[in-house]
Amino acid sequence: MRVWRFLVGPSLRARQIAKERLTPLEGLPALSLDALTSVAYGPEAILAVLAVGGAVALPLVLPITVAIVVLLAILVFSYRQVIEAYPGGGGTYAVCRANFPPGAALLAAAALVADYTLTVAVSIAAGVAALTSAFPALTAATVPLCLAILAVITLLNLRGLGDTARAFLLPTMVFILGVLAVIAIGLAHPLAHPEPFAARGPPAEAVGTLLVLKAFSAGCSALTGVEAIANGVPLFKEPRVARARTTELLLGAILAVMLLGLAVLAHRWRLGPQGDETVLSQIIAASVGRGWAYYTLSLAVTVVLMIAANTSFGGLPVLASLLARDNYLPHLFALRDERQVFAVGIWALALLAGTLLVAVRGQTLALIPLYAIGVFTAFTLAQAGLVKHWLRTRPPPWRRRALVNGIGAVTTAAATVVFLVTKFTAGAWVVVLAIPALILLFVRIHRYYHRSAALLELNRIPAKPRVRPTIVVVPVAELSRLTRHALTEALSISSQVVAVHVVVDSTGADGDDLRRQWAQWDPGVPLRVLHTEYASVAHPIARFIDELHEHHDEQVVVLVPFALPERLRYRILHNHLDVVLSAALKHRPDVIVATVPMRL
């Protein structure tokens with residue numbers, strides 16, 4: 001049986017890995033939902049800013065959306081090139097690591113970590129907002145609903161990205177086709193005529209450049225998530241580059257059509273933000289009425305907005321694994337579990353996003369000012385890095401590519417400055433402080449690993465191993481099968497074995513009964529009875545080991561036997577002497593504490 005498992009194991013593992021890889025269609029729910037579902041809050045964010053200028057400012061939603069779609073096209077083209085130039089994943093981080101000093105790569109990584117965390121929070125909060133728009137009675141349960149959805153998405157991602165993508169594929173298709181149908185019906189023959197937004201702001205003269213820039217920066221939240229596919233190239237099936245580039249193109253085309261279509265409808269019907277209903281909900285109601293189609297699509301929007309957080313769960317763990325391999329995060333982040341997922345990165349993202357959702361009480365508009373700054377910083381760094389890449393490698397047609405990326409870098413840099421200026425006092429200062437804090441964390445971790453590598457003399461040929469005789473100490477409570485099992489293992493390690501039994505004098509015991517039983521059994525191992533006035537078992541054993549070191553030069557191994565029940569709930573009922581001894585002896589580098597489990 002073991003031989004058979006050995007022979008089939010690699011093929012089973014290969015099939016498991018292949019199962020978790022993505023196709024372009026599966027890549028949309030796995031890595032693109034953040035960008036696709038931004039149509040639920042991107043246009044609304046624009047209109048919320050324009051509403052300050054009154055109803056006369058609302059028509060600007062269309063030219064602003066056109067500008068955002070042009071920027072989207074530049075970003076899609078840029079990240080298709082990132083995928084081709086850096087197929088190992090990591091996106092902006094990989095580009096900066098290859099073309100800039102380490103500081104730029106860390107800035108990109110910190111910006112993306114902040115963006116991915118906000119993506120999860122915004123997606124879930126927007127999904128719950130869509131749900132409460134259709135069912136207002138649920139408004140009071142906003143935070144519990146947010147946390148429950150986060151828990152479900154986290155558990156699904158722990159099962160494997162491939163399974164998660166396939167589970168999310170149907171609601172994603174319903175969402176995309178439903179929004180496109182709403183746009184088509186609204187343009188051709190809407191079933192209702194919504195009330196135009198009532199002017200509540202200042203006169204038209206107040207609509208100036210600053211208001212337009214604020215609306216543009218708010219609407220650029222619709223572009224977050226465009227970079228996630230480039231970060232997750234290793235998650236695709238072979239040929240990975242071709243499939244990832246196809247997914248990026250699909251994302252750009254679908255998102256552009258939806259953004260423009262919804263902007264045209266909002267412009268035609270002069271819609272604006274309502275306190276109790278989202279703009280997308282107003283458009284759906286105007287296009288198809290408030291019948292079954294409205295509630296079906298509202299539910300689909302809610303579900304897909306909630307699972308749009310999956311984009312971050314696909315991107316951040318991969319980014320964290322790259323940072324861990326470069327010694328900027330704990331190495332645990334680079335480990336895959338049996339389902340080939342980076343479980344530590346998934347749990348870390350869930351914890352950060354959950355904390356953020358509780359802090360803002362699940363309110364989407366409270367998160368929007370924090371949004372997009374991190375990702376647009378990453379956009380700028382990625383495109384500037386590609387310009388340097390093309391100038392260095394010069395593959396044809398490198399001039400055209402460098403020009404497009406240069407224009408994109410300048411545009412996104414300008415947008416980042418606009419975000420900082422217009423959103424700083426509204427909450428963007430939190431991100432401005434969080435990004436340097438993350439960079440400091442990366443640097444401190446890297447310094448620790450650097451010092452550890454020097455002390456461990458990594459990548460150097462060490463001295464010859466030094467052979468030392470070993471003496472094994474086995475703590476014994478009483479005679480049993482467990483005692484026999486422990487001594488058997490100890491004698492297989494060394495011929496020098498001593499059993500120790502601790503007697504607490506205050507209990508009135510003297511250990512004579514165990515001595516007689518031991519002499520009668522005669523296992524070939526001497527028994528040493530240790531007396532103590534205290535209830536601590538670890539202290540006399542540690543003192544006995546010190547005495548051994550005074551008279552001998554042997555390596556001391558403390559072998560602690562313990563019973564291991566089959567059921568997990570019973571394990572807490574058994575002795576945990578190994579934990580106590582490990583704590584007592586942790587400052588003695590010349591002592592090894594090991595355990596000898598015996599299954600019950």
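Which handedness does the crossing have where H12 passes H13? It's right-handed. Keep in mind that this is a predicted model.

**The H12/H13 pair**
- Helix H12 covers residues 279-288 and helix H13 covers residues 292-307; they pack with axes 9 Å apart, at an angle of about 150 degrees.
- Angles over 145 degrees count as roughly antiparallel, so that's how H12 sits relative to H13.
- On the H12 side, the contact is made by Leu280, Ser281, Ile284, Ala285 and Val288.
- H13 answers with Ala293, Tyr294, Leu297 and Val301.
- Sorted by class, this contact comes out at eight nonpolar residues, one polar and no charged ones.

**Nonpolar cores**
- The largest nonpolar core holds 152 residues.
- Ile124, Leu223, Ile283, Phe313, Leu367, Phe376 and Phe442 have the most contacts inside this core.
- The top contributor is helix H6 (residues 102-134), which puts 20 residues into this core.
- A separate core of 18 residues lies apart from it, and its members include Ile471, Val500, Val560 and Val591.

**Around Leu223**
- Setting aside neighbours within four places in sequence, Leu223 touches Ile68, Leu71, Leu72 and Leu75, plus Phe376 and Phe379.

**Helix H9**
- H9 runs over residues 209-219, and its buried residues are Leu211, Ala215, Phe216, Ser217, Ala218 and Gly219.
- Those buried residues pack against three helices: H3 (42-50), H4 (61-85) and H18 (398-456).

How values were computed
Residues are numbered from 1 along each chain as its sequence is written. This is a predicted model: local features need pLDDT of at least 70, side-chain atom pairs count only at pLDDT 80 or more; totals for chains, interfaces and linings use all residues. Side-chain values use heavy atoms; hydrogens and water are left out. A nonpolar core is a set of buried Ala, Val, Leu, Ile, Met, Phe, Trp, Tyr and Cys residues joined through side-chain atoms within 4.5 Å. Buried means under 20% relative accessible area, exposed over 50%, partly exposed in between (1.4 Å probe, protein chains only). Helices (H or I, at least four residues) and strands (E, at least two) are DSSP runs, numbered from the N terminus. Contact means heavy atoms within 4.5 Å. Axes are lines fitted to C-alpha atoms, for helices over the stretch in contact, and angles run from 0 to 180 degrees between N-to-C directions. Angles under 35 degrees count as roughly parallel, over 145 as roughly antiparallel, 65 to 115 as roughly perpendicular and the rest as oblique. A crossing is left-handed if the near helix is turned anticlockwise from the far one by less than a right angle, and right-handed if clockwise. Ala, Val, Leu, Ile, Met, Phe, Trp, Tyr, Cys and Pro count as nonpolar, Asp, Glu, Lys and Arg as charged, and the others, Gly among them, as polar.
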